[in-house]
Amino acid sequence: MNSADDMTPKERFLAILQGKEVDRLLVSPLILNFASRALGMKVRDFCTDGKNMGNANIACFKKYRHDAVYIFSTTSTLAEAMGTRMYFPADDAPQVETPFIQSREDLKKLKPVNPEKDGRIPVYLEAVKRCVASIGNEVFIVPVIGAPFTTSAALRGTEVFVKELYTDPELVHTLMRAVTQSVKILIDAYVKAGGVPVTVEPVATGSMISERHFREFTLPYLKEVYAHIRSHGLPGVLHICGKTKRVIRCMAESGADILSIDNIDLKEAKELVGERVCLMGNVSPADGMLKGNPEIITDMVRDCISKAADNSKGFIVATGCEVPIQTPHENMMAFLEAGRKFARLPIGLN
């Protein structure tokens with residue numbers, strides 16, 4: 001453990017949720033496929049084998065001691081389990097190859113997901129269980145689920161799906177209802193395995209859709225998802241990358257307790273929704289983690305904390321989106337060291 005830390009990540013997270021005193025803010029970079037690098041693994045080997053995925057995340061946590069361990073390879077995992085065909089590059093994130101819903105008739109083929117059998121969900125469940133058994137006493141294990149809008153887009157094809165917000169809203173809602181049912185089934189499976197599931201909606205970013213469409217096609221289903229997560233006594237976490245200013249008020253209405261945000265000024269986000277939700281973000285993954293250097297990253301972390309550490313509902317130091325797979329080790333260390341230094345309370349930014 002970092003010598004400056006007085007609590008385990010799990011103790012720290014629980015204390016924050018319960019409104020108790022903590023040694024510092026949470027420092028939680030979005031380490032996803034990057035975890036494969038802890039064991040020198042190719043991404044394809046990491047994301048197609050539960051033992052590999054679990055062991056790599058365990059090794060990554062022991063190496064970096066980040067405040068949450070995310071189990072993830074692609075936002076399309078649930079869509080894959082429901083019928084979408086994926087392509088697996090040797091050393092990059094899986095990609096959608098053939099969406100399952102090619103016509104209206106295909107909607108009749110949709111079935112609720114079976115987490116024990118369908119797609120690669122058994123891989124994720126094995127990874128979650130392996131991590132819970134090994135490090136779950138120290139840190140929360142956080143499986144990541146593509147939320148209803150993003151999963152629906154991967155089932156239909158994103159470009160076609162977004163067009164159908166205008167041309168065939170009935171199809172969109174039919175698909176969203178079916179997907180939401182499977183999201184809730186998957187939440188239950190991950191909770192049973194010992195995980196704390198979170199949901200991501202990157203396709204519902206303000207870069208892609210309007211506030212009006214978010215309110216019509218995304219918000220009602222997110223509310224249903226977060227009510228379900230809360231029924232397990234767990235907090236709701238919503239991540240949307242890209243430009244979120246257009247939709248951030250909607251995000252705060254979803255029932256999520258924590259908003260993980262990317263391309264928006266944290267001070268502005270705090271002014272818009274900070275009285276309602278905990279904010280999480282948003283060091284640049286590309287310009288900071290991948291292309292930057294330790295000095296640049298330290299400045300970015302300091303800037304984020306200076307803008308949002310006083311948010312009334314709390315703040316988590318994080319990257320704006322997934323840590324790039326090729327991020328240099330020294331950049332990851334710079335992020336964590338700066339976060340732990342500047343996020344200690346009540347020392348401030350000196």
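A salt bridge is a side-chain nitrogen of Lys or Arg within 4 Å of a carboxyl oxygen of Asp or Glu. Side chains of opposite charge can pair when their charged atoms come close.

The model is predicted, so local features need pLDDT of at least 70 and side-chain atom pairs count only at pLDDT 80 or more, while totals for chains, interfaces and linings use all residues. Residues are numbered from 1 along each chain as its sequence is written, and side-chain values use heavy atoms, with hydrogens and water left out.

By this rule there are 23 salt bridges, including those below.

| Pair | N to O distance |
|---|---|
| R344 and D6 | 3.1 Å |
| D67 and R12 | 2.8 Å |
| D303 and K307 | 3.3 Å |

Helices (H or I, at least four residues) and strands (E, at least two) are DSSP runs, numbered from the N terminus. Buried means under 20% relative accessible area, exposed over 50%, and partly exposed in between (1.4 Å probe, protein chains only). R344 is buried at 17%, whereas D6 is exposed at 57%.

D67 and R12 are both buried. R12, D23, R24 and D67 are linked in a network of salt bridges.

D303 and K307 are 4 residues apart in helix α13 (residues 294-308), about one helical turn. D303 is partly exposed at 37% relative accessibility, and K307 is partly exposed at 23%.
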